[in-house]
Amino acid sequence: MTTGDTPRLKIGMLGVGAAAQWYYLPATKLWSDRLDLKAVCDLDIDRARHFGELYGADAVFTDYEQMLSNADINAVAILTPHERHAEEVLLAIEHGKHVLIEKPMAGSLADAEAICEAAEAQGIQVSCAPPNMLHPGQRRLMQLVSSGAIGEVSLVRNTRSSMGPGSRPGAPTDFSWFYQSGAGGMSSMAGYGLIKMTAVLGPVKSLSAMSCISMPERIMRDGPAKGKVVQVDVPDNNVMVLDFGNNTLGTMDTGYVMMASEAPDMELFGTEGTLSTYGGDQVEKIRLYKDDWKTDVAGWQDVDIPNLESRMSKHPSTLLSLADAVLDGKPLVNGPRHMVHVVEVIEKTWLAAKTRQTVDLTTTFPMVSWEDLPFETSTAKLV
Ligand SMILES: NC(=O)c1ccc[n+]([C@@H]2O[C@H](COP(=O)([O-])OP(=O)(O)OC[C@H]3O[C@@H](n4cnc5c(N)ncnc54)[C@H](O)[C@@H]3O)[C@@H](O)[C@H]2O)c1
């Protein structure tokens with residue numbers, strides 16, 4: 001686990017597709033002070049061999065259980081299609097391995113809760129993507145709201161939609177599974193917006209929703225599946241109405257029907273002002289509106305975000321937070337209880353849309369103060 005005196009997380013990477021190639025494999029190289037790539041595993045043996053060699057892994061596997069049993073690892077990074085996640089996390093826990101799990105952690109509330117229980121019973125750390133809780137912009141946003149910058153929040157408007165994987169040039173793999181049962185735009189995108197919002201406002205208490213398939217056919221634009229026509233069989237267009245309790249309401253859209261938007265990703269409307277956030281998945285930019293008759297301060301202003309370029313602002317920062325938790329015993333602020341709530345919001349959105357009813361939620365999660373979020377100053381080239 002060490003290079004010289006420095007402890008490092010010994011990682012086995014499951015799935016070396018797009019997310020691995022774009023984010024996690026480069027992270028193991030650029031952040032080698034904390035991360036040590038020991039093994040890779042992919043069903044596609046040529047892909048596994050190629051990227052294992054390129055990034056200096058000691059061992060290459062096509063069978064996950066073989067990697068768990070035989071590789072010299074203390075953690076796995078699970079980067080596979082969504083419907084496999086719960087089973088793969090539970091197997092890692094069974095083998096005593098700490099886990100980085102890409103979003104979503106599981107496809108059902110029951111599976112998400114089973115993961116938490118197994119991990120807690122065995123002292124296993126489960127670091128969950130997306131990495132919103134690690135991002136300097138999220139920390140700044142939570143600081144602003146808790147300091148009363150906009151007073152009491154009454155309303156939130158949140159959008160986390162895109163046009164979906166495979167809609168732009170540059171696909172390294174066949175992304176068609178994202179549009180089919182077991183995945184879908186909400187499973188892929190909602191976590192970013194839900195974590196961003198619930199970290200500030202607390203858990204959703206009840207919701208109603210509508211969902212539909214707006215674009216029943218997709219054509220993969222680039223990469224190995226270029227030209228492939230995909231029949232969409234899971235809703236790609238979802239709108240929720242959310243009740244956070246305390247007379248605070250919200251709306252959120254999530255799915256694969258938004259080519260571009262000039263609106264803020266999230267707006268929080270409070271008794272003393274408005275906060276708008278921009279940047280897509282993460283809070284990269286914040287603007288504050290005040291109309292304070294006591295101090296005569298009125299209008300919009302940009303808010304600074306300290307350390308916006310730190311490593312914690314990059315997508316695979318979840319591996320760093322896992323290393324901090326496993327090697328140094330630091331609290332994991334992107335742990336699985338928050339993700340259980342996200343999985344429940346997704347599940348209850350399907351239910352509310354299907355039944356046309358308002359549905360109550362049952363889960364909560366430990367609220368984290370902005371002061372307890374990581375504040376790393378080192379920077380990295382990784383985007
Ligand atoms: N594509 C993106 O833009 C993106 C961005 C951030 C996060 N993610 C997340 O990363 C995860 C993976 O997505 P992706 O885009 O890399 O998908 P992908 O299809 O590009 O890669 C998945 C890889 O897993 C491998 N695989 C599938 N089943 C396997 C099995 N049983 N054993 C071993 N390997 C197996 C596939 O061969 C493939 O190489 C998902 O949770 C996704 O939500 C994707």
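Strand β15 (residues 266–270) and strand β16 (residues 273–278) run antiparallel and are joined by five bridges; strands here are DSSP runs (E, at least two residues), as helices are (H or I, at least four), numbered from the N terminus. Keep in mind that this is a predicted model, where local features need pLDDT of at least 70, side-chain atom pairs count only at pLDDT 80 or more, and totals for chains, interfaces and linings use all residues. Residue numbers start from 1 along each chain as its sequence is written.

**The sheet**
- The open sheet has nine strands in the order β18-β17-β16-β15-β9-β14-β13-β10-β19, with mixed pairing; two strands pair if DSSP finds at least two bridges between them.
- β18 (297–303) and β19 (359–360) are the edge strands, each pairing on one side only.
- Helix α7 (residues 185–201) packs on the sheet and touches β9 (153–161), β13 (237–243), β14 (249–255) and β15; contact calls for C-beta atoms, placed from the backbone, within 7 Å.
- The direction of α7 makes about 155° with that of β9; axes are lines fitted to C-alpha atoms, for helices over the stretch in contact, and angles run from 0 to 180 degrees between N-to-C directions.

**The α5–α9 pair**
- Helix α5 (residues 109–122) packs against helix α9 (residues 336–355) at an angle of about 170°, with the axes 8 Å apart.
- That makes α5 roughly antiparallel to α9 (angles under 35 degrees count as roughly parallel, over 145 as roughly antiparallel, 65 to 115 as roughly perpendicular and the rest as oblique).
- On the α5 side, L109, A112, E113, I115, C116 and A119 meet P336, R337, M339, V340, V343, E344 and E347 in α9.
- Sorted by class, this contact has nine nonpolar, no polar and four charged residues (Ala, Val, Leu, Ile, Met, Phe, Trp, Tyr, Cys and Pro are nonpolar, Asp, Glu, Lys and Arg charged, and the others, Gly among them, polar).

**Domains and ligand**
- The domain assignment gives domain 1 (2–132 + 314–334) and domain 2 (136–308 + 341–370); such bounds come from an automatic or database assignment.
- Across the boundary, 17 residues of domain 1 are in contact with 19 residues of domain 2.
- Both domains give residues to the shell around the ligand, so the ligand lies between them.
- Of the 23 residues around the ligand, G15, G17, A19, E102 and T173 come nearest; being near means a C-beta atom, placed from the backbone, within 6 Å.
- α1 gives the most to this shell, with three residues.

Methods:
Contact = placed C-beta atoms within 7 Å.
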